Amino acid sequence: MKKENSLAALRNLVETALLIAIAFALGRVKLFTMPNGGSVTPAAMLPLIIIGLRRGPKWGFLGCIVYGILDFMLDGGFALNLWSILLDYLLAYGALGVSGFFKGKKNGVWIAMPVAVAARFVFVFLSGVTVWADYTASSFGDIWLFSLTYQASYLLPELALMYVIAFAMRMAWPRLLNPDDVR
């Protein structure tokens with residue numbers, strides 16, 4: 001392996017680990033917690049989205065899946081079975097890596113945030129209508145409507161906070177969110 005390639009790989013690894021750590025720390029600050037899981041944090045998904053924006057889809061998906069594993073293992077993750085681990089943690093957080101497809105795109109961060117949150121929504125919504133259906137259908141009736149409103153009630157406020165924080169970050173550190181300036 002060339003020295004340049006190993007240095008680039010090391011830079012990618014260190015930056016991804018740092019952004020995962022920032023996301024993990026932000027994720028521990030709960031502004032609002034839903035009764036059956038899910039919470040609004042001070043934009044904990046934003047560092048995960050930044051991984052993809054700065055390093056591309058490979059690092060984006062990998063970093064976000066690692067975060068999902070850590071969130072499940074270290075933050076008291078709850079799962080009924082393997083499907084809930086896959087849908088609520090690995091695939092839902094991993095889906096945020098879709099932001100990597102916006103690397104190098106003009107205004108990529110502003111498009112990547114709603115696309116990534118929508119991708120995460122797909123998996124938590126599917127978990128709500130499959131894995132958790134037996135636990136909520138009897139109380140709430142239409143499980144599809146319940147899962148839609150439940151998941152949106154914490155993901156949309158989180159998305160709004162991400163826009164506010166990303167705007168402030170762009171003003172303070174323009175290179176952080178501008179993938180074209182990454183070396």
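Biologist: Which residues does L48 touch, not counting residues up to four places away in sequence?

Modeller: Contact means heavy atoms within 4.5 Å, and under that rule L48 touches I20, A23, C64, Y67, Y93, L96 and S99. This is a predicted model, in which local features need pLDDT of at least 70 and side-chain atom pairs count only at pLDDT 80 or more, while totals for chains, interfaces and linings use all residues. Residues are numbered from 1 along each chain as its sequence is written, and side-chain values use heavy atoms, with hydrogens and water left out.

Biologist: Which residues touch the most other members of the largest nonpolar core?

Modeller: In soluble globular proteins, nonpolar side chains tend to be buried together. A nonpolar core is a set of buried Ala, Val, Leu, Ile, Met, Phe, Trp, Tyr and Cys residues joined through side-chain atoms within 4.5 Å, where buried means under 20% relative accessible area, exposed over 50% and partly exposed in between (1.4 Å probe, protein chains only). The largest such core here has 44 residues, of which L46, L48, M113 and M162 touch the most other members. Its largest share, 10 residues, comes from α5; helices are DSSP runs (H or I, at least four residues), numbered from the N terminus.

Biologist: How is an aromatic pair described, and how many are there by this rule?

Modeller: A pair of aromatic rings is described by the distance of the centres and the angle of the planes. Rings of Phe, Tyr and Trp (its six-membered ring) pair if their centres lie within 6.5 Å, and planes under 30 degrees apart count as stacked, over 60 as edge-to-face and the rest as tilted. The count comes to 10 aromatic pairs. Among them, Y150 and Y154 are edge-to-face, at 6.3 Å centre to centre with 75 degrees between the planes. Both lie in helix α7 (residues 143-172), 4 residues apart, about one turn of the helix. Y150 is buried, with a relative accessible area of 9%, and Y154 is buried too, at 4%.

Biologist: Which residues form one aromatic cluster with F24?

Modeller: F24 forms one aromatic cluster with Y67 and Y93, and R28 lies over the face of F24, at 3.9 Å from the ring centre. A charge sits over a ring if NZ of Lys or CZ of Arg is within 6 Å of the ring centre and within 35 degrees of the ring normal. Y67 is also one of the buried residues in α3, which include W59, C64 and D71.

Definitions and conventions:
Helix = DSSP H or I, 4+ residues; strand = E, 2+ residues; numbered from the N terminus.
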